[in-house]
Amino acid sequence: MIDPERAAAQAEEGFARMWAELLPVGRHSRSGGYRRHAWTAADAECRAWFEEQARARGLAYEVDGNGNQWAWSADPAAGGAIVTGSHLDSVPDGGAFDGPLGVVSAFAALDLLRETGAAGSRPLGIVNFGDEEGARFGVACVGSRLMTGVLDADRARALTDDGGMSLAAAMEKAGRDPSALGRDEERLSKIAAFVELHVEQGRNLGDAPIGVASAIWPHGRWRFDFHGQANHAGTTRMEDRRDPMPAFAAAVLDARERALSAGALATFGKVAVEPNGTNAIPSRVTAWLDSRAADPAVLEALVAEITRASGAEVVRESYTPVVDFDGPLRDRLAGLLGGVPVLPTGAGHDAGILASAVPTAMLFVRNPTGVSHSPEEHAERPDCLAGVAALARVLEDLLAD
Ligand code: GLV
Ligand code: MN
Ligand code: MN
Ligand code: MN
């Protein structure tokens, strides 16, 4: 049986090697953060690394029709497979841990299982889900949403990036066939359980190095268009202006106040201004609201109030309903790991999408600063190794079932 302390020490060298290999990929020289956006050169480098890890271990490697990468210890055709993994893409100037920690830990856990001769009787799969962050095309968890059919294939193909390139064109450019997108019933039917390990992202684990997820808050993205009229900054009287910027600014402050009093979260993190000239009154401000709350009714009311008060034209671009992770699986993990904290999160994950189709659980690794989606995101190495050991213990148990 995997002994957590011994396993953490055993995993150290392999973890450090994989981590060092990934660390330079897609790192932005000015911010020090990562720009590993879907179907870019940095993403291709991450994907090449994944394939290399799979092949070096003699795992069967494949890419599914939705662009997700898979590595299998044995043919999953007979079903009952246990799958672990996460994603390798990032938000703009994201940290090193969000995503990659789960993929590196998956390979490190597999190595531990092999070293201890505890590989079990079921097939083990390691997955790298494509485009988890939605940094480029606006919708998060594209790979897992397509796989489960939560995102329509035609809608996905038509999503565009800020430069006007469609997701379909970007995939084609990266050598993938976008006509193959869609719900992957066959693959889903082979998976008995999915476990994603992820950095916790919110300083909620306190003194505990690891925890188990109970739920994901409902969350969504809304596009706000504030319309105005472009005009000369030097000749248009203040009272004659149709300037959308003050309405946008008011909406930002309003959203903050309303979220504070509702005990919810509201963020305008992305803005586009047209024509974006210092000496021109804008013709349009487009801003994206990300809002989340523990209670779906609170979230719905909050976004409705922000929308109404803003006067903007508002379109909901994506929405993820509340996710309650599989109860028995969650309890089994918590029990195996000796009563670690069980906690909800406001962050979205592929596990939240998979949960609609297969029994799913998440393991969290402590994020001591609570900073994430930032170059300053951090997790201590001993906590990461405790995560690997915990994942190996959980997989050992599930694989033996
Ligand atoms: C993804 O990381 C999200 O929660 O936005
Ligand atoms: Mn993220
Ligand atoms: Mn993530
Ligand atoms: Mn995420």
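Guide: Begin with strand pairing: two strands pair if DSSP finds at least two bridges between them. The model here is predicted. In it, strand β3 (residues 81-87) is joined to strand β4 (residues 124-129) by six bridges, and the two run parallel.

Visitor: Which strand pairs with β3 over four bridges?

Guide: That is strand β5 (residues 191-199), again in the parallel sense. Valine 83 shows both pairings: it stands opposite glycine 125 in β4 and opposite phenylalanine 194 in β5.

Visitor: Are the residues of β3 buried or exposed?

Guide: A residue is buried if 20 or more other C-beta atoms lie within 10 Å of its own. Seven of the seven residues of β3 are buried, so the strand is largely enclosed by the rest of the structure. Ala81, Val83, Gly85 and His87 cover one side, and Ile82, Thr84 and Ser86 the other.

Visitor: Which residues does the UniProt annotation "binding site" cover?

Guide: The unreviewed UniProt entry gives Asp98, Glu133 and His373. They span 276 residues in sequence, yet no two of their C-alpha atoms are more than 9.9 Å apart, so they gather at one spot.

Visitor: Where does aspartate 98 lie, and what is it in contact with beyond its neighbours within four places in sequence?

Guide: Aspartate 98 is in the loop between β3 and α3 (100-115). Because it has 27 C-beta neighbours inside 10 Å, aspartate 98 counts as buried. Its contacts beyond those sequence neighbours include His373 and Glu377.

Visitor: And is histidine 373 buried or partly exposed?

Guide: Histidine 373 has 19 C-beta neighbours inside 10 Å, so it counts as partly exposed. Histidine 373 is found in the loop between β15 (360-365) and α12 (381-400).

Definitions and conventions
Residues are numbered from 1 along each chain as its sequence is written. Chains are lettered from A and ligands numbered from 1 in the order in which they are written. This is a predicted model: local features need pLDDT of at least 70, side-chain atom pairs count only at pLDDT 80 or more; totals for chains, interfaces and linings use all residues. A residue is buried if 20 or more other C-beta atoms lie within 10 Å of its own, exposed if 12 or fewer, and partly exposed in between; C-beta atoms are placed from the backbone. UniProt positions are given in the numbering used here, feature names are shortened, and annotations may be inferred rather than shown by experiment. Two residues are in contact if their C-beta atoms, placed from the backbone, lie within 7 Å.
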